Amino acid sequence: MIYIAGASSQLGQEIKKSGLFSGAIFLEKNDLDLSKLDSLEKFLNTKKIKTFINAAAYTNVDRAESEKSLSSLVNSHAPSLIAQYAEEKKFKFIHFSTDYVFDGEIKEPRTEISATHPINHYGQSKLDGENSILKINSHALIIRTSWLYSSFGNNFVKTILKLANERSYLAVIDDQTGCPTLATDLIKATKLGHEQDLKGIYHFSNEGKTTWHNFAETILKLKRVKTPVKAIKSSELITQAIRPKYSVLDKTKIKTHLNIQIRPWTEALQEFLKDFS
Ligand SMILES: NC(=O)c1ccc[n+]([C@@H]2O[C@H](COP(=O)([O-])OP(=O)(O)OC[C@H]3O[C@@H](n4cnc5c(N)ncnc54)[C@H](OP(=O)(O)O)[C@@H]3O)[C@@H](O)[C@H]2O)c1
């Protein structure tokens, strides 16, 4: 059986909607709480698992600074336990990680073997998760992604459209560069990665790069919303966590191994916004 944890995440809901993992059992936090290692262990001991996809995570980057134990439990200790059982019981483990494992000091796309150096606790907890999975399990697939959005949950695209309708102008930072990822594109690549039994770390986002400011302007332009977007520096925003200034992922490895092309972020966004109101 395929089990998918994080049924309410953007990714979990989009996986369900896509129907690509037919017959899979989707687990809400109430069904499987990754912060409760005893019940997770009981689950892993008793279920007949063919594949475990972890679409759950502690994703609040700012709050992770003050909830370090909880974020580490969910993003590192729980994935490590799943990886251990996957190795022992020979099931496939697919896990997701983040561009925030990088510090953003080098302004060139980062590959899977580029040096990691997280600058916030969320990034550290996700990196700890990656490292502990890979130490225990040689068959696990970890896909690092960035700036994820979908029609479900909370994300930048939905927030910008909502705020643009409520405010006379928006202020968005223009000194962080990354690349948006449409969840449905990530899921198609994940499905192929599962079929072709990829192992180890792979990067996936849409192609290209942008700043949050240009991302916001592009969203509003495509939706023909006239609200102006003022460019500000991240130093003007008081946040608990600092974020990398540059976190574009190099996708050469996944494109080569899966023999796929990845569409530019602007094309994916355009298609997404056509149907999104
Ligand atoms: N969003 C991004 O921009 C982004 C960027 C890079 C990488 N990623 C990675 O991509 C993956 C999917 O992210 P996403 O944006 O789809 O996530 P999301 O929408 O923020 O959802 C996270 C989910 O995890 C669940 N969760 C939190 N603590 C849990 C626990 N203790 N036990 C079980 N479930 C728990 C939450 O459940 P409740 O809602 O019930 O709390 C929520 O449904 C994650 O691994 C994330 O780190 C995301």
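Modeller: Helices (H or I, at least four residues) and strands (E, at least two) are taken here as DSSP runs, numbered from the N terminus. This is a predicted model, in which local features need pLDDT of at least 70 and side-chain atom pairs count only at pLDDT 80 or more, while totals for chains, interfaces and linings use all residues. Residues are numbered from 1 along each chain as its sequence is written, and side-chain values use heavy atoms, with hydrogens and water left out.

Biologist: How many helices and strands does the protein have?
Modeller: Counting the runs just defined gives the secondary structure of the protein. The count comes to 12 strands and nine helices.

Biologist: What percentage of the residues of the protein count as buried?
Modeller: Buried means under 20% relative accessible area, exposed over 50%, and partly exposed in between, with a 1.4 Å probe and protein chains only. Of the 277 residues, the buried share is 54%.

Biologist: Where on helix α9 do its buried residues lie?
Modeller: Helix α9 covers residues 265-275, and its buried residues are Trp265, Ala268, Leu269, Phe272 and Leu273. The arc is that of the directions from the helix axis to the C-beta atoms. Seen down the axis, the buried residues of α9 fall within 125 degrees, so they line one face of the helix.

Biologist: Which exposed residues does the face of α9 turned away from its buried side carry?
Modeller: On the buried side, the residues of α9 pack against elements including α5 (156-166), α6 (183-195) and α7 (212-222), where contact means heavy atoms within 4.5 Å. The face turned away carries Lys274 and Asp275.

Biologist: Which residues are buried in helix α2, and what arc do they cover?
Modeller: In α2, residues 37-46, the buried residues are Leu40, Phe43 and Leu44. Their arc around the axis puts them on the same side of α2, and it is only 95 degrees.

Biologist: Is asparagine 30 buried or exposed?
Modeller: Asparagine 30 lies in the loop between β2 and α2. With a relative accessible area of 79%, asparagine 30 is exposed.
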